[in-house]
Amino acid sequence: MKRQFYGFIFISSAIIVSVLASAVVVKMTRNDIVLSEPVKINNFNCLLANFTNFNLNDAEFSSHDFNNSYIMNELVTINTTTVYTGSIASLGAIRNGTGHNHGVIQLFTFIDDYYSATSYDSVVYKDVQSKETNYINGKVIETSFNNTNTNPMLIAIKEFDSIYRFIDFFTVTGTSLTLVYSYNISSSVLNETYAFDIIDIDQDNIYELYVIGKNSTDLSQNTVIELTYNSIANDYEISTSFNWDGTDHIVIDVETITETDDVNFIITGVYVSTVESYLEAITINKGVARNFVFTDSLTINYGVDDFRVYGMKLYKSKSLANDGIVLFGSYIYAISGTEPSCITTSFNSGNFGITQLTIMNQTPSWSLDGQVVDLDLDGQDEIIAISYDLFNVDVSKYTILVGDDMDQTDTYSSDLKQISSSTTLKLTTIQISSSLGKNNLNNPLIEFYLAQHLAFNVRGNAEVLLENSENELYIQTTDLVGNNVSRSDLTIQAKVDSSPDINDTIAELPGNVTLNIDEITTTIEDEQIEFTVLQNSRIISKFELVIDVEFKPEIELVLPPSPITIRRVDSISHTIELTFNNRLSRDLQVQVNIYSTYIDQGVSYFYNFSSDSTTTEELSIVFIGFTPKSRYTEEVTITLVTGAGTYQFSTLYKVTNKFHLTSNDLFVTLWVAIALVLVLYIVFGLQMYKRTEQKLDRYFAGEGTADLEFKALRKRALSSLLEKYISQGNWKSGLKLASEHVPRYTQQFHKFKARDQLKMGQKSINEAKFEDGLILWQEAKESLEIIAVHELIDILDWLIKPLERIIDIKGTMKGSEKANALQKEFHNLSGMKEQQKVIYNIQLDIPLYIIAEELGLAFRDTKEPQSSLNYLQLAYQEAPDEIKNRIVNEITSLISLGVTPSEMSLPVDQEAIMERISKRTTKCFSCGEERTNIQEACPNCGVDTVLCSVCKLPISFGSEYLECYHCENIAHKEHLLEWVKVKGTCPICQQKLIPDKLSVVEEKD
């Protein structure tokens, strides 16, 4: 191998010298082509501004913060053009000084002005009833319900003492609310009220009232009643009603869809038994003689997964003949996983359409409500899905869904928690959306947003306006996900104040328009360009761009001379030099594209040129020959795409297949030869060293002999292997190497061995594999004896001896003898608990919880279930989380046999264990303060220790727990679920419990 290696070096050196001499001679006889005047082309590759994304947080212009005496339930839009601009009403209740709730409505009236949308007038209506009242739901009509005036009206359902329902009618005049009529929904009519609507169904300017609820005489039936207004009695009277099956149904929300001949009540809810959501349609025909019909129903299911609906709204789509329906809720998968979601469908001629599910993979994982608003004013509503945090920890998030395919734009966080209601107010020149949620103090808060947005972007033929060069801007209208769309309903005004002066109005804004800016002759810092977008002569968007004005860069290309000789091969590569003088005040990213027209082939390079500098880069251009054609002309185009514009060079090359030597050929051959020689030389050396080290490594691993071919590398290989074994802690091979060559490292490898055996032994013991752990610890002891660290041997003996006894007890004893012997060892190990058993930073221990678990099982076998349960409770207290489920199964199996959990009533001789348990640190259930004495109240907040009603152990702050919805006693989540699975009742009040109803702990006032 050595003779071949030296021969290779000699021959390759001769070749390299010959090629180098030839390349120098050829280079001295050639002249390059220099190009320095590129043509600027306008391809609008520079994105100057992108106004596609829309964020409600950025559009917020005001908010209203309530104090903690308010309870707000719903937002209602008063959208009318008959008297005044429009308002948003917030419905709820306010608590007085004596703790009574009074129904309250707060009215926010807005100015219809693009420039003044940040202001509103506010008025509060407060119910003066002496008993508890609360407004929970509202509707709006354009005129009076009884044709007495033209003012709009707000109609709201009011709870009275949480039992009765009233429908209050308010006249809205400017910024005032006046109660003019109240209708009592008698319990003899409806046992429970879900929702209502008010419609002038026969077009006589007198509104009919429709109330939907539970049938008063048959609770398995749902009912819709129609009430007509009696002008003589000044009261609403029942004219007709309709019942349909409501078994297993929970009604969540109701909306109304009006068609040519019919009015449809769209009802959504949840089946109690399956948690599947549903849609139902009840239709009443217009006209004088009216009757109800159950027209269609739709069950929403996804196999083993479910969708849980919490809210519903209607929306307009260009592709739907009638209203679209969107359901807001949560997608429930794998039993407990939830994600905020919405489902869209349509309703036309009495039938529901195909549903489409959209899931937002985010936290919070629930959704109670959303917004429907035409953000870009194109006639099609966008849906804004709003997440809801069940536990009031995370703020809500908005996700905008656009188009019939419900494409998701960016998701962003709100400033609110627990958003439960949203609405949109559409005025003449603006749209205002609002959301009702909670602030950081958990008080109600309403935020208002200017919810309209024109999606577009502005591109230029450069990122900067170039001095002494023509500049153009390219304006594109897009949809909210960035696709280019045409908007012929819009006009745009563009204005440049400084030189050159531009003040253009573009009659319509299709998918894109181009704005020319004349040549700039004077250097200024920047140009401010103002755009105003109008729809039907009203301003819907304004924006400004500030673009720097700079000198264009200087570019030079050095190309190889013509002709290019192919010499009857497939291709040949030539190097060109690019000199780029960046005269701007910023770095430039440059893409160089080389395109050959004859062979239709392109290649790209990417560079970064720093500001105010000259940089030379080398590129490669490839020519391809055509045999047997001997000569042709090739046009080569080189394009530089930069932030300062796009520039292009073009040149013609003569390409020939006749022999013509080039310097590029020779230099490429030279460098390839040099690189190959170096690579092969390095490969030879590495191979020799690698073979030596591999053979020694196999020898020390006991797999071969130590006969070496390259003995000169032996010392370095041994040193490398020693470092390798030390870094790996490989004591098996290391002990052999050290004993034969470097004895001073023997004790270090024995230390590695002891550490490994101790660690693996502890792992085996933690897995209750006592025999395996004993063997490993005994091997570790042998290494410690060689190292002669007697204090560590004594520590290990403390553990080996009781471990040997425990193994003997488990293998040879049964029944009471086994339980008594294990109990004795448990006592001994408890006494050793405070002793430090650490060897080489490895904490050694025989876990008490394993012995306690063994004791629990032993006492179970001896028919002492109470003692078994006590020790299993102790094992659960000490065990890590991944073991607890196993112990819980044993505990609950004893509970199912009638054994009652106690307050850890262990035998008298376990006082030391009880004292240690009493000193165990836990976190106060109320405030999270760490504490040790669980027998006393928390010193921080004064709250007593909260114990699990099943296992009688403390429930720490932040632990998952469930609450009995009868007596409000709480327990660890997994304990109560297992108890209910076995017993079916509460462990405290003994009343029947349903597991599905235990999944949520309702927030306390």
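Biologist: Which residue in E40 stands opposite Phe531?
Modeller: The model is a predicted one, with residues numbered from 1 along each chain as its sequence is written, and local features need pLDDT of at least 70, side-chain atom pairs count only at pLDDT 80 or more, while totals for chains, interfaces and linings use all residues. Side-chain values rest on heavy atoms, with hydrogens and water left out. Strand E39 (residues 526-535) and strand E40 (residues 538-550) run antiparallel and are joined by 10 bridges, where two strands pair if DSSP finds at least two bridges between them. Opposite Phe531, the residue in E40 is Phe543.

Biologist: Which residue in the hairpin of E39 and E40 takes a positive phi?
Modeller: Strands (E, at least two residues) and helices (H or I, at least four) are DSSP runs numbered from the N terminus. The hairpin of E39 and E40 has two residues between the strands. A positive phi near 55° is found there at Asn536.

Biologist: Which residue of E40 is the bridge partner of Leu465?
Modeller: E40 also pairs with strand E34 (residues 465-466), in the parallel sense and over two bridges. For Leu465 the bridge partner in E40 is Val549.

Biologist: Which residue in E7 does Arg95 stand opposite?
Modeller: Strand E6 (residues 87-95) and strand E7 (residues 101-110) pair in the antiparallel sense over nine bridges. Opposite Arg95, the residue in E7 is Asn101.

Biologist: In the sheet E9-E10-E11-E12, which residue of E10 is the bridge partner of Gly138?
Modeller: Four strands make up this open sheet, and the pairing is antiparallel. E9 pairs with strand E10 (residues 153-160) over eight bridges. In E10, the partner of Gly138 is Ala156.

Biologist: Are H4 and H5 parallel or oblique to each other?
Modeller: The axes of helix H4 (residues 714-728) and helix H5 (residues 731-740) come within 9 Å and cross at roughly 140°. Angles under 35 degrees count as roughly parallel, over 145 as roughly antiparallel, 65 to 115 as roughly perpendicular and the rest as oblique. H4 is therefore, relative to H5, oblique.

Biologist: How many charged residues does the contact of H4 with H5 hold?
Modeller: Contact means heavy atoms within 4.5 Å; Leu718, Leu721, Leu722 and Tyr725 in H4 meet Ser733, Gly734 and Leu737 in H5. Ala, Val, Leu, Ile, Met, Phe, Trp, Tyr, Cys and Pro count as nonpolar, Asp, Glu, Lys and Arg as charged, and the others, Gly among them, as polar. The contact of H4 with H5 divides into five nonpolar, two polar and, as for charged residues, no charged.

Biologist: What is the handedness of the crossing of H4 and H6?
Modeller: The axes of H4 and H6 come within 10 Å and cross at roughly 30°, and the two helices are therefore roughly parallel. A crossing is left-handed if the near helix is turned anticlockwise from the far one by less than a right angle, and right-handed if clockwise. The crossing of H4 and H6 is left-handed.

Biologist: How many charged residues are in the contact of H6 with H7?
Modeller: The axes of helix H6 (residues 746-766) and helix H7 (residues 770-787) come within 8 Å and cross at roughly 160°, so H6 and H7 are roughly antiparallel. Residues making the contact include Lys751 and Lys753 of H6 and Asp772 and Glu779 of H7. The division is 11 nonpolar, eight polar and, for charged residues, four.

Definitions and conventions:
Axes are lines fitted to C-alpha atoms, for helices over the stretch in contact, and angles run from 0 to 180 degrees between N-to-C directions.
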